[in-house]
Amino acid sequence: MVERISNRDFRALNSLLSEMACKVITYYQSKGGGAKLFNIDCNFEPTCSEYAKQAIRTIGFFAAIPYVIDRLKRCSDPDKIEREIDPFTEKNHV
């Protein structure tokens, strides 16, 4: 039988994963992000990695996952001519 995780343990895990994810994203950004590592340019301002950090810091790791995936699916459209301004704001997403 599977044991349920307590709310306190879930919050602690969410906090730990949020901190780790933000550190990984910051490292990725320090190495040049998608422009340098994958030779792609983000179609959004702020960049997708910064958007992910904003979402994770605002609503937590697990709640941010669907928003980050949606944003990444819309990024790197070769037909886009200009950047779209699309910051993560809690009032628009929660």
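Reply: Residues are numbered from 1 along each chain as its sequence is written, and side-chain values use heavy atoms, with hydrogens and water left out.

Me: What does the chain average in pLDDT?

Reply: The mean is 85, and 88% of the residues score at least 70; pLDDT is the predictor's confidence in each residue, from 0 to 100.

Me: Which helix has the lowest mean pLDDT?

Reply: Helix α5 (residues 90-93), at 60, whereas helix α1 (residues 7-30) has the highest among the elements, 95. Helices are DSSP runs of H or I with at least four residues, and strands are E runs of at least two, numbered from the N terminus. Where pLDDT is low, the predicted coordinates should not be read in detail.

Me: Now A52. Is that residue buried or exposed?

Reply: A52 is buried, at 6% relative accessible area; buried means under 20%, exposed over 50% and partly exposed in between, with a 1.4 Å probe and protein chains only. The residue lies in helix α3 (residues 48-59).

Me: What does A52 touch beyond four places in sequence?

Reply: A52 touches I25 and V68, contact being heavy atoms within 4.5 Å. I25 is 27 residues away in sequence, yet the C-alpha atoms are 8.1 Å apart.

Me: Changing topic, which bond is cis?

Reply: The peptide bond joining E45 and P46, with omega about 0 degrees. P46 is in the loop between β1 (44-45) and α3.

Definitions and conventions
Predicted model: local features only at pLDDT ≥ 70, side-chain atom pairs only at ≥ 80, totals over all residues.
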